[in-house]
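Please keep the sequence and the model at hand while reading.

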Amino acid sequence: MSYKDLIQSLNTISAINLTPFYEDTKEIDWNSLEKNINFLIDHGVKVIVPGGNTGEFYAMSLEEVKQVTKKVIDIVNRRAVVMVGIGYAVPTAIELGRYAQAAGADCVMIHQPIHPYSNNKGAVDYFHEIINALDIPTVLYFKNPNLSDDVLKELAPLEKFIGVKYAINDFPRFTKTIRSMPKQHQLAWICGTAEKWAPYFFLAGATGFTSGLVNIYPEKSFELLDALKKKEVDKVWEIWEELLPFEELRAKNNDGNNVAVIKEALRQIGFTAGVTRPPVAELDESDKLAVAKILQSWGLLNKTMV
């Protein structure tokens, strides 16, 4: 696939698959991971992101990240684009990226640097070094509001930099950035904060969005995508209202519920999602009831995925 074709293929939903862990050992449940990936593909997902935050990237060892990378690529078997999450220190990110490309990944997503003292020049150097060390193209996960969007503009001329998962919900800022980016840099602009924020990002020029919900209710996620692409404004906001309670529950506790809500919802509809790993805790009983109420309103509680 050419870079141009790959960029076009990202104008859709980027599904952040989960990583199921056994309740007793917290080891990876490979059978459930395979069911999760096949469910996504069977429901029309064309971009899958192993090693994303919903997949608990930072709760896995480097060896586990590699194992998940290889497993997902093998399961997908070219039925969808695989964008592998990589990160940590520059040498570690390069190691993970080279492993991903050898395993057959289509591209990588570089996580936002977690160093507490990042600055603009340092971020440019960080991303630049990783991008240039890999043979496959890169999408940047841009999440830190303290970094300037000039970082993106400085990296834009790099041929292997093909897209941005933009996860800062500052819409004047995003609009200014996307409108001021030179037209020759044909980046894929992806809303990195899922269905709740996708309508705002699309209005400014985004052409895709990430989703954890798609692991549970892909029909509704794709309904939103279709309405956004067709600019069916009333339908967009009707779907948005339907999904808002779920996304707001995920955002509770400063986004601390993000993964736990997805796994709890999957458990309630009959899928073996497994537990979360520290530092993510399970939901309390009130939040579990809130999940059940939302699933009931969607008519999903009697649905099974196994």
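In what follows, a residue is called buried when its relative accessible area is under 20%, and exposed when it is over 50%. The model is a predicted one, and in it helix 12 runs over residues 285-298, reaching 20 Å from its first C-alpha to its last, close to the 20 Å expected for its 14 residues at 1.5 Å a residue.

The residues of helix 12 that count as buried are Asp287, Val291, Ile294, Leu295 and Trp298. Seen down the helix axis, these buried residues fall within an arc of 95°, so they line one face of helix 12. They pack against helix 10 (233-251) and helix 11 (258-268), whereas the face turned away from the buried side carries the exposed residues Glu285, Leu289, Lys293, Gln296 and Ser297. After helix 12 comes glycine 299, with a positive phi near 75°.

## The largest pocket

The largest pocket has a volume of about 850 Å³, and of the 33 residues that line it, Asn53, Tyr141, Lys143, Asp255 and Asn258 are the closest to its centre. Two or more lining residues come from each of helix 8 (194-204), strand 8 (208-211), helix 10 and helix 11. By class, the lining comprises 13 nonpolar, 13 polar and seven charged residues.

## The second largest pocket

The second largest pocket holds about 320 Å³ of space, and of its 16 lining residues the closest to the centre are His185, Gln186, Leu187, Ala188 and Trp189. Helix 1 (3-9), helix 7 (171-180) and strand 7 (188-191) each supply at least two residues of this lining, the largest share, three residues, coming from helix 1.

Conventions. Residues are numbered from 1 along each chain as its sequence is written. This is a predicted model: local features need pLDDT of at least 70, side-chain atom pairs count only at pLDDT 80 or more; totals for chains, interfaces and linings use all residues. Side-chain values use heavy atoms; hydrogens and water are left out. Helices (H or I, at least four residues) and strands (E, at least two) are DSSP runs, numbered from the N terminus. The expected span of a helix is 1.5 Å times one less than its number of residues. Buried means under 20% relative accessible area, exposed over 50%, partly exposed in between (1.4 Å probe, protein chains only). The arc is that of the directions from the helix axis to the C-beta atoms. Contact means heavy atoms within 4.5 Å. On a 1 Å grid over the protein atoms alone, a cavity is a set of points where a 1.4 Å probe fits but cannot get out, and a pocket is an open set with protein on both sides within 12 Å along at least five of seven lines; lining residues have an atom within 4 Å of a point. Grid points are joined across faces, edges and corners, and a volume is the space filled by probe spheres set on the points. Ala, Val, Leu, Ile, Met, Phe, Trp, Tyr, Cys and Pro count as nonpolar, Asp, Glu, Lys and Arg as charged, and the others, Gly among them, as polar.
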